[in-house]
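Welcome, and please have your viewer ready.

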Amino acid sequence: MFPHRLTLIRIVLFVVLSTTLFLTYCYLKIRPSYGLYNQLNAQELKDSELIAKHGDGGKRRYVMFKQLRGAGFNNQVQDIVLYHNLALASGRTYVYQPFVWRPRGEKSYVPLSAFLPGVTKGSITSEVFHNICPEQDSKHISLGDVDSEKQWEHAVNVLNQSEQCVIVDDWIFNWTFLTTSGLHPVWTSFHQYLKTHFEWSQAILNIIPRAQTQLNLRPTPKSTTGDPYIALHLRRGDFENHCKSLSETQMGFTTWATLPSLHSSTLPPPLNTSSTTSILTHCYPSLHRILSSISIQAQLHPNARTLYVLHDGAIDHPTVYLQFYKLREALTNKHWAKSRHWQNGPMKRVLQSSDVGRVQTWGENDYGVAVDVELARRAEAFVGNGYSSLSTQIVALRLADGGSPNEITFV
Ligand SMILES: *[C@@H]1O[C@H](CO)[C@@H](O)[C@H](O)[C@H]1NC(C)=O
Ligand SMILES: *[C@@H]1O[C@H](CO)[C@@H](O)[C@H](O)[C@H]1NC(C)=O
Ligand SMILES: *[C@@H]1O[C@H](CO)[C@@H](O)[C@H](O)[C@H]1NC(C)=O
């Protein structure tokens, strides 16, 4: 009996030890780079103080907006860049706030410059703003009591006043507004804004070439190395319920998907917001529709036989993986490709977001979604969902890079 017990104890010890090591490894691997974040926070404060001190001979005017807190990462990015663009258009210095990192709770913040250093340049943090603009010296205003068509012009005019410290109390770029044509007058300046101010941080830019090399993806459509690829944003997860509520309130596409220049980018039939069925068709499309959308781009790009799929599959949304595998099954089938009249045969490779996860090292876990956006931005063509702000942000970046609406399909 004795040797047996010893063996058992050894086995138990081994299992406990290796589990502990594995969990520690996982924890360390997804643990954000707090050292870097602290350093960025300190730098943001220092830069902001310098800007405030120079003050443009006392002429510098500031605006702090009611910023979206705690929604999805890309919803926050979109809100921040729209407000930054508005501040610049009205000649004010933008007051920025950190990202709220939802996976780590309500009060978990990530410095903005960890993602969008372009926004922080020439802007100041809310912390420094509260020092130069104490509450009694700040003017609170509302911007949203006009028709959505006039919203942009009205906001620019109201903000272009002499008060040094302005705080906007209403959330003008709310979900409803973003689905209206009231956003169209913003496009000219926003298009230019993306070219001159949109910039990912170095930490994110470091991952991109690594991912491209490992996955053998063409760095940009103009490059000659790597496989040309098409990107698909498969928006599922919580969208099933979200789409139901959007159909009940008759909501249309969001932000730039509503641009007239993109009308012909939507897979027919066109969206009819009076019809619940039509909204669900576009918001939560069947796999059949997704395949038809990919087919359009695969026919236009016979050399692109690699597909990169951005998706939100996770432990809480496991069926997304199932849908991914079904799509992959069809797309890599030569009979199926032939039935769809694809020249050059089926897809040779169908990759997904988690393949990039493998090239990330310690502390890079937070950047996954930004890397996905950038890879989709640089693809030969993009298939997205007009109800998703992540898809429409990718589309805006592609258009700002000089991309064509023909290379975009909304399911
Ligand atoms: C802001 O107001 C000034 C003075 O009224 C005017 O000269 C300037 O063109 C305005 N700027 C914008 C962006 O409207
Ligand atoms: C959304 O913003 C618009 C102005 O852009 C405003 O008129 C409307 O009342 C707001 N809606 C909600 C639900 O806050
Ligand atoms: C849009 O949907 C509504 C409700 O189903 C329908 O009555 C209308 O004819 C549709 N419009 C178009 C242009 O198909």
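**First stop: a strand at the edge**

Start by selecting Ile124, which is found in strand 5; strands here are DSSP runs of E of at least two residues, helices are runs of H or I of at least four, and both are numbered from the N terminus. A word on conventions before going on: this is a predicted model, in which local features need pLDDT of at least 70, side-chain atom pairs count only at pLDDT 80 or more, and totals for chains, interfaces and linings use all residues. Residues are numbered from 1 along each chain as its sequence is written, chains are lettered from A and ligands numbered from 1 in the order in which they are written, and side-chain values use heavy atoms, leaving out hydrogens and water.

Is Ile124 buried or exposed? Ile124 is buried, at a relative accessible area of 0% (buried is under 20%, exposed over 50%, partly exposed in between, with a 1.4 Å probe and protein chains only). Show its surroundings: not counting residues up to four places away in sequence, Ile124 touches Ser48, Ile51, Tyr62, Thr93, Tyr94, Val95, Tyr96, Phe129 and Ile132, where contact means heavy atoms within 4.5 Å. For a distance check, pick the C-alpha atoms of Ile124 and Arg92: they are separated by 11 Å, with the residues 32 apart along the chain.

Now switch to a cartoon view. Five strands form an open sheet with parallel pairing, in the order 5-2-1-7-6; two strands pair if DSSP finds at least two bridges between them. Strand 5 (124-125) and strand 6 (139-141) each have a single partner strand, so one side of each lacks a neighbour in the sheet. Next, select residues 62-64: this is strand 1, which pairs with strand 7 in the parallel sense over three bridges. Met64 stands opposite Ile167 of strand 7.

**A loop residue**

Move to Gln161, in the loop between helix 6 (151-159) and strand 7 (165-168). Gln161 is buried, with a relative accessible area of 18%. A polar atom of the Gln161 side chain lies 2.5 Å from the backbone oxygen of Val158. A polar contact is a pair of N or O atoms within 3.5 Å; within protein, one must be able to donate a hydrogen and the other to accept it, and residues adjacent in sequence count only if both atoms are side-chain atoms. Leaving aside neighbours within four places in sequence, Gln161 is in contact with Arg61, Arg92 and Lys139.

**A covered helix**

At the N-terminal end, Ser388 caps helix 17 with a side-chain oxygen 3.1 Å from the backbone nitrogen of Leu390. After helix 17 comes Gly402, with a positive phi near 95°.

**Two ligands**

Finish with ligand 2, surrounded by Gly144, Gln151, Ile172, Asn174 and Phe177, each with a heavy atom within 4 Å. A polar side-chain atom of Asn174 lies 2.3 Å from an oxygen atom of ligand 2. Ligand 2 taken alone exposes 360 Å², and the protein buries 49% of that (areas come from the Shrake-Rupley method with a 1.4 Å probe; for residues, only the protein chains shown count as cover). Around ligand 3 are Asn272, Ser274 and Ser275. Ligand 3 taken alone exposes 370 Å², of which the protein buries 26%.
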